[in-house]
Amino acid sequence: MNEKRLSIRKETFLKRADALYTFWHNGYDEALAKVDALVFMVGSDEDAPQYSKSNALQTWLFGFEMSDLLSVFTRKRIYFLSSARKVQFFEPIESEEASGVVPPISLMTRDKVDKDKANFTKFVGILREAGSTFGHFMKDSYNSEFACAWRNALQENGIELSVDVSSSFVHLLSAKDEIEVELCKKAAQATVNTWSHARKKIVNIVDQSKVQQRLADNHSVEACYTPIIQSGGDYTLKLSAESNDKLLHYGTIICSLGARYQGYCSNLSRTMFVDPPKQFEEIYESMLVIENAVIESLKPGRKLCEAYAAGLEVVNGKPELSDRLIKNNFGFLAIFIISSRAAVIVVVCIY
């Protein structure tokens with residue numbers, strides 16, 4: 001993201017920080033409730049994964065991702081450590097007074113002369129004063145110089161980040177506010193627009209690189225993943241799948257693509273038939289009936305298992321279909337395109 005365009009919205013930050021501290025202090029999550037402080041380091045690794053809990057949290061709180069940033073949340077104060085230039089982005093939220101349940105916020109500037117030794121000593125003291133149990137995102141690991149130096153400082157001082165709060169934050173971030181719902185809608189619309197373009201290209205037997213360019217043409221939109229086009233009977237229905245170099249094959253063509261708008265993802269998969277066997281058409285018609293039943297059951301406050309049951313009821317007595325229905329990994333819109341758990345799902349359908 002272009003740093004010249006970055007700006008943190010104080011009102012949005014405080015609203016979401018309030019949600020975080022309320023969720024934490026009120027003991028809504030068992031793992032989160034027992035920690036004394038939260039520690040999140042985001043490095044500047046070139047090969048870092050596109051999606052991580054740390055980046056998702058930054059997008060949710062700040063509205064953008066920031067590399068080489070150390071964030072520490074204690075029950076009494078919030079601390080951010082980064083370069084002098086990056087710290088400027090956080091000046092609107094710096095405060096010596098609490099705002100409701102959100103404690104005061106301190107900004108600290110990196111010192112590359114001593115490679116942040118003095119800063120890390122301060123943070124070690126902050127953590128020791130906060131308590132002895134600290135939460136972090138266990139799978140988020142960075143190897144930039146800044147991140148490694150922080151990890152070494154923790155080890156040298158015998159401080160262990162022992163509680164993985166990844167699932168806790170999946171639950172916290174799963175409920176979307178009005179701003180996030182609008183971003184999800186725009187991401188979904190971008191995906192639909194891209195599909196309209198891709199469909200014409202597929203019909204004309206044009207390779208998928210054109211689809212990627214379509215997403216890149218809008219600077220606010222990026223691809224969630226490389227578009228996947230599969231045909232010829234060899235299908236892998238996972239977002240980690242890749243298109244192969246084979247020519248498009250008559251019969252069934254499956255295309256999956258997704259757009260990411262200001263950090264919020266959407267996803268779409270479509271099936272195209274070219275002179276398919278009669279059996280394929282019949283199965284496809286049945287799947288459309290199942291899809292409509294599931295969509296109709298997706299109402300605010302209802303559980304996902306109820307939507308699944310509604311779809312299953314349609315194919316009751318047809319094991320050739322029911323045995324092949326996906327039982328997990330439902331599609332959803334969020335900061336993550338892939339997540340193993342979600343407490344609340346936002347579904348946006350655009351026709």
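Both faces of strand S3 are covered in this predicted model: Ile 78, Phe 80 and Ser 82 are buried on one side, and Tyr 79 and Leu 81 are buried on the other. In a regular strand the side chains alternate between the two faces of the sheet. Strand S3 spans residues 78-82, and because five of its five residues are buried, the strand is largely enclosed by the rest of the structure.

Strand S2 (residues 69-74) is joined to S3 by four bridges, and the two run antiparallel. S2 and S3 form a hairpin, with three residues between them. Within this pairing, Leu 70 stands opposite Leu 81. Strand S4 (residues 105-109) is joined to S3 by five bridges, and here the strands run parallel.

Leaving aside neighbours within four places in sequence, Leu 38 is in contact with Leu 20, Trp 24, Leu 32, Ser 71, Val 72, Phe 73, Gly 135, Val 165 and Phe 169. In soluble globular proteins, nonpolar side chains tend to be buried together.

Helix H3 (residues 53-62) is mostly covered, with nine of its 10 residues buried. The buried residues of H3 are Ser 54, Asn 55, Ala 56, Leu 57, Gln 58, Thr 59, Trp 60, Leu 61 and Phe 62. After H3 comes Gly 63, which has a positive phi, near 90°.

Positive phi values also occur at two aspartates. Most residues other than glycine have a negative phi, and most peptide bonds are trans. Asp 68, a residue other than glycine, has a positive phi near 50°. Asp 68 is placed in the loop between H3 and S2. With a relative accessible area of 14%, Asp 68 is buried, because buried means under 20% relative accessible area. Asp 116, also not a glycine, has a positive phi of about 65°. Asp 116 lies in the loop between S4 and helix H5 (117-130). The relative accessible area of Asp 116 is 1%, so this residue too is buried.

A further sheet involves strands S8, S9 and S12. This open sheet of three strands has the order S8-S9-S12, with antiparallel pairing. Strand S8 (228-231) and strand S12 (268-274) are the edge strands, each pairing on one side only. On average, neighbouring strands of this sheet are turned by 15° against each other, direction ignored. S8 is joined to strand S9 (residues 251-257) by four bridges, and these two strands run antiparallel. Ile 228 has Ser 256 of S9 opposite.

Two further buried residues can be described individually. Ala 259 lies in strand S10 (residues 259-261). Its relative accessibility is 0%, so Ala 259 counts as buried. The C-alpha atom of Ala 259 is separated by 5.3 Å from that of Cys 224, although the two residues are 35 residues apart along the chain. Ser 286 is found in helix H10 (residues 278-297). Ser 286 has a relative accessible area of 18% and is therefore buried. Not counting residues up to four places away in sequence, Ser 286 touches Lys 318 and Leu 321.

Totals for the chain complete the description. The chain contains 12 helices and 12 strands. Of its 351 residues, 44% are buried. The accessible surface of the chain comes to about 19700 Å², and carbon and sulfur atoms account for 49% of that surface. Among contacts in the chain between residues at least 6 apart in sequence, 69% join residues at least 24 apart.

Notes:
Residues are numbered from 1 along each chain as its sequence is written. This is a predicted model: local features need pLDDT of at least 70, side-chain atom pairs count only at pLDDT 80 or more; totals for chains, interfaces and linings use all residues. Side-chain values use heavy atoms; hydrogens and water are left out. Two strands pair if DSSP finds at least two bridges between them. Axes are lines fitted to C-alpha atoms, for helices over the stretch in contact, and angles run from 0 to 180 degrees between N-to-C directions. Contact means heavy atoms within 4.5 Å. Buried means under 20% relative accessible area, exposed over 50%, partly exposed in between (1.4 Å probe, protein chains only). Accessible areas come from the Shrake-Rupley method with a 1.4 Å probe; for residues, only the protein chains shown count as cover.
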